[in-house]
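This briefing is for a reader new to the structure. Please look through the sequence and the model before reading the points that follow.

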Amino acid sequence: MVLNNSSCTPQHGDTPGFKAWQADLEQVREESRAVRRAQNSAQAQDQTHAQIQGWLRDLGLALGFEVWIAANDRSRPYGHGRLSDGCLETLPPGMAGTAGADAVRLIDVVWFERATLSPAAAFEVEHTTSIYSGIVRLLDLALGAPERAVNGLYLVAPDSREADVREQIQRPAFQAVSHLHMRYLPYSE
């Protein structure tokens, strides 16, 4: 193929070179479209995850709870501010020093009783991520809480993931903690 140095396109009359150049150009365009689709999908998933977290945050605050937002999500934009606006800046002292506290810091949303700062409910939003890891974080909270008085452990996921969530909850590895009554909460609810 003979290329024109100034534009990297085949010279006039180089039909095979022009066809190869067109094929290369189309491949680059398709790869670019695929990257753009993947980026848009990832951004939409992040927005949906943050939106569900924001709704749970707002509901918890409206019900009078102190609310914790996952340490890795605190600075995400939400509404006219950040996802962690109006929430606890640190885990309550009774939780911060417990075994598994590092995992608890990553739970998407935790509601704490205002008077005692004991955990009342915890929510793991599993939009597309591993359900298994969300269960483990919730168990670290429930089994590591000093008073073990977490009333609600919820896996929040799209309605389409219900079978996946229920399958994970029923795994033999989690049957020993079935008394904790971890529940699936579909987006539609």
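This is a predicted model: local features need pLDDT of at least 70, side-chain atom pairs count only at pLDDT 80 or more; totals for chains, interfaces and linings use all residues.

Against which elements do the buried residues of H5 pack? They pack against H4, strand S6 (152–157), helix H6 (172–175) and strand S7 (183–186).

**Helix H5**
- Helix H5 spans residues 162–169, and its buried residues include Val165, Gln168 and Ile169.
- These residues lie on the same side of H5, because they cover an arc of only 100 degrees around the axis.
- Ala163 and Glu167 are exposed, on the other side of H5.

**Glu126**
- Glu126 sits in the loop that runs between strand S5 (119–125) and helix H4 (131–144).
- Glu126 counts as buried because its relative accessibility is 0%, and the cut-off for buried is under 20%.
- Not counting residues up to four places away in sequence, Glu126 touches Ile131, Gly134, Arg137, Leu155, Val156, Ala157, Pro158 and Arg161.

**Gly134**
- Gly134 belongs to helix H4.
- With a relative accessibility of 0%, Gly134 also counts as buried.
- Apart from neighbours within four places in sequence, Gly134 is in contact with Glu124, Glu126 and Leu155.
- Gly134 and Leu106 are 28 residues apart along the chain, and 9.2 Å separates their C-alpha atoms.

**Links between the two residues**

Definitions and conventions
Residues are numbered from 1 along each chain as its sequence is written. Side-chain values use heavy atoms; hydrogens and water are left out. Helices (H or I, at least four residues) and strands (E, at least two) are DSSP runs, numbered from the N terminus. Buried means under 20% relative accessible area, exposed over 50%, partly exposed in between (1.4 Å probe, protein chains only). Contact means heavy atoms within 4.5 Å. The arc is that of the directions from the helix axis to the C-beta atoms.
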